[in-house]
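Student: I have a structure to study. Could we go through parts of it by question and answer?

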Amino acid sequence: MKKALTLLIVFLMLVGLVQTVGASTPGQLLIWADDTRTPVLEDVKGQFEEEYGVSVIIQEKPFGDIRDDLAIEAPAGEGPDIIVGAHDWMGELIANGLIEEITLFSEDKFMNAGIEAFSWGEELYGVPYAIEAVGLFYNKDIIDEAPATFEEFKELVINLRNSDKADYGFVMPQPDPYHSFPFFSGFGGYVFGTDANGVLNPLDIGLNNEGSVRALSELAKLYDGYIPNVDYPTMMSIFTAGDAAMMLTGPWAVADIRAAGIDYGFTSLPTMDGNEPRPFVGVQGFMVSSFSENKILSQLFLNDFVANEDVMYRFYEIDDRPPTFIPAGERASEDPDTAGVLASAEFAVPMPAITEMAAVWSAWEDAISLSLTQEQDAQEALDNAVQQILRTIEEGM
Amino acid sequence: MNFWQKNKAHIFKLIFLAFFNALALLSLIISISQGGYILAVITVFIMIIINFVYLSDRFYPLRYILPGTFFMILLVVYPIFYTIYISTTNYGTGNMLNKDQVINHLENRTYLPDEPRTFNFTAFKNEEIDQFKIIFEDREREEYYMADTINREISQISLSDAIFQGLSSPSELEEINGYKRLDRMQIIQNLGTLEALKIEFADNELRMEGINTFALYRQRFVYNSANDTIIDQRDAHEYVVRQGHFYNEEMGRLSPGFRTFVGFRNYRRLLTDDRILQPFFRVFVWTFIWALLSVATTFALGLLLALVLNDKDLRFRKLYRTILIIPYAMPGFISILIWRGLFNPEVGVINRILEALPFVDALPFMNNIFWTRAALVLVNLWLGFPYMMLITLGALQSINPSLYEVSAIDGASIWQRFRYITLPLLFISVGPLLVSSFAYNFNNFNLIYLFNAGRPAIAGAQTPAGGTDILITYTYRLSFETGRGADFGLASAVTLMIFIIVATITWFNFRFTGALEEVKENE
């Protein structure tokens, strides 16, 4: 009996291995979506199937797996027609020949930041649906309102550290280029410059220009005793315990802050030398696979059934990330947090999607780390980082 | 009943073979239908071997090692060869597809002709022969064309032609010679065919543009298989194959590139590029020290505790043993993340305690190379000692107690007994495990990466190599955090180098423990 049972299990496992998963086939749409997007798409699909007589299959995958799985399964003929993804995957997906350009009929109804993020040269490669950018959370029990200028911000951070109102004036995760970028951009730094056609130039790196160096040295001064050098989870525990007046991070932290019962406000960062800080913006959207057998159908689905107020608003309801579709965004702005993110995203820079960004993150992070721990001054650390980035990019390492 | 008793084994065998063959046939059909011919050949090969071995009397004994061999080839030998293969290619971001796929991709690119034209269309289908007729309508010029999918030729027609039966628009037409008009829903269901349709129109191609329209396009890239080049028809540039890309002196390379054999290029880069080499030696030295310290500290503590727990007079032995195994029973990556929090230099518990104590101060864990390394060794000690304790406990039990009695009679001290009886006999059984523990820690990616991602950063470094990076984490950063994204070719090359290093060290280690074996033989 035991033997027979073992045999049966082995047999079932083998069947599981042999069974093929869905793949893009003409006349049937296959969509890869993550767990938050799947329920909304499941609702929409019935209507589409009824109207067009085409079946739609939604396959749920962890968000992080979608990009890697596409690279393996699409060329093997096992891929989907449409994927859900982030705009900064785009460079890699295009370099690998995996996604197709899209014609969006209602482009003017989308926030510019969303369209810009999914544009590559003149072509559009995705239908954006949600946007996120970091901003400033502040604890209303400690300060009444967020500082408007960097000078005020600095004063506040120093004063609060020396007072007994809170342990810290300000916390942010470090070393973290993504969270630090608003300071860099506020003082005039940038990652990649653009050429005459508006295309990013990977050999023009602005991470050691005057503004970038100024930003990092200002931060380093504050990190010398006034701001704790902590990572993301530690930062969250400090802020949710009510031990810090301000925190820099994105809307994904809202749920935890609410759960901790903190009376908070969410707004954009203070201006630096009169300039608006420009955080990186991340945009999520739908992309069409190059290996799709239903490219026109996929675009039809995205244009008619996804790019409308109702569906876009439902994505927002389920996920809290503000919609880039303007009518849905206006409806969502009744919530002050969402309005805060949208205000923050207005000045935002799309996170560079070109593949050379892989070389930037790590070297940039090292420079921030060396400078904030006072081991190197900002100029030296950033010069070295840029040199390191350029060499690995130039020599195609 | 008797028959059943006699032939039970044989019947089971036949059932098993029938199942196996059915499965193999199924996968054979699937792989042939998907074009996986190599897989099909392998399947047939395995099928023949299995059937032969299980049915033949002569090779019957082989069936015991067959499954083991099969899985060893599948899970050990095959990955090694695959890694070697990948290390000789340029597989990575930008070079993922194979050459045919890239050519296909490029040949699908189009550009708009000087005089772009858009046509509305009405499609008709003959269900019996599965063919289409399409009438195109250029509303601007009021011109009509008709094409069919049989010979893909297009000809101009006019509303006064007989087929229109005097109707004013093609969309009012119900049928042409057995071809029935498709409504919107039917068009969508036939999109697969319509989308793939390319009809020559003057010098251009008529292709479907959207659900309602066809438009004129020109194919941009054409592959010439005779001399393996790609011609850009828009500006007549010729692209030749160079290092996995189609390349033109003036225009640069076309994206995407394809996967191709590059010989020893990845190895050459590793061995000649001083930016890689310079940190390589520093990283290598630390990796070696790290693996050595890991084994030494965990073994020392494990041995000590095992000796204590081995004392039969100790009360609550079982309780102690259970408590001491806890670090081993917890999932490693959770413990590592907890330790990471404890060692946090600003808010971590360890520094808070140190600050509260007299004479000592907070230590720069995570930011200073020495203290981060010290913390790592400590964390690894916590993670690793229970394993060492367990294996040593087992080995201690196997030492013959009469040896101790004899030595006690001879007047040996406790230290002498430990040094000359326990230790040598222990090493015989534990030695190989220490070697494997060394190899494991040599490649302990999880701990290094989760604890501090190989950092702290080193000021003035040329490549991203942090102060606690070991070879395997350095490989990871080299392959995924530099240049243009992932570089699997380079990663495989470094992996093989590490494999060779570890294999060499392990070989010497086994020679060393082999020498210990002789102690046993002389016993």
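Tutor: A surface patch here is built from residues with over 30% relative accessible area and no salt bridge, and nonpolar side chains are joined within 5 Å. Keep in mind that this is a predicted model.

Student: Which element gives the largest share of the nonpolar patch?

Tutor: The patch covers about 1100 Å², and its residues include B:Phe70, B:Met72, B:Ile84 and B:Phe499. Two elements of chain B give two or more residues to this patch, helix H3 (66-87) and helix H17 (488-521). The largest share, nine residues, comes from H3(B).

Student: Is B:Phe70 buried, partly exposed or exposed?

Tutor: B:Phe70 belongs to helix H3 of chain B and is one of the patch residues. Buried means under 20% relative accessible area and exposed means over 50%. The value for B:Phe70 is 35%, so this residue is partly exposed.

Student: What is the handedness of the crossing of H12(B) and H14(B)?

Tutor: Helix H12 (residues 369-397) and helix H14 (residues 414-442) of chain B pack at an angle of about 145°, with their axes 10 Å apart. Among the residues that make the contact are B:Tyr387 and B:Ile391 of H12(B), and B:Leu426 and B:Leu433 of H14(B). The crossing is right-handed.

Student: How far apart are the C-alpha atoms of B:Leu363 and B:Arg340?

Tutor: B:Leu363 sits in the loop between helix H11 (349-356) and H12 of chain B. Leaving aside neighbours within four places in sequence, B:Leu363 is in contact with B:Pro345, B:Asn351, B:Leu354 and B:Trp371. B:Arg340 is 23 residues from B:Leu363 along the chain, and their C-alpha atoms are separated by 14 Å.

How values were computed: Residues are numbered from 1 along each chain as its sequence is written. Chains are lettered from A and ligands numbered from 1 in the order in which they are written. This is a predicted model: local features need pLDDT of at least 70, side-chain atom pairs count only at pLDDT 80 or more; totals for chains, interfaces and linings use all residues. Side-chain values use heavy atoms; hydrogens and water are left out. Patches are made of residues with over 30% relative accessible area and no salt bridge: like charges are joined within 9 Å, nonpolar side chains (Val, Leu, Ile, Met, Phe, Trp, Tyr) within 5 Å. Accessible areas come from the Shrake-Rupley method with a 1.4 Å probe; for residues, only the protein chains shown count as cover. A salt bridge is a side-chain nitrogen of Lys or Arg within 4 Å of a carboxyl oxygen of Asp or Glu. Helices (H or I, at least four residues) and strands (E, at least two) are DSSP runs, numbered from the N terminus. Buried means under 20% relative accessible area, exposed over 50%, partly exposed in between (1.4 Å probe, protein chains only). Axes are lines fitted to C-alpha atoms, for helices over the stretch in contact, and angles run from 0 to 180 degrees between N-to-C directions. A crossing is left-handed if the near helix is turned anticlockwise from the far one by less than a right angle, and right-handed if clockwise. Contact means heavy atoms within 4.5 Å.
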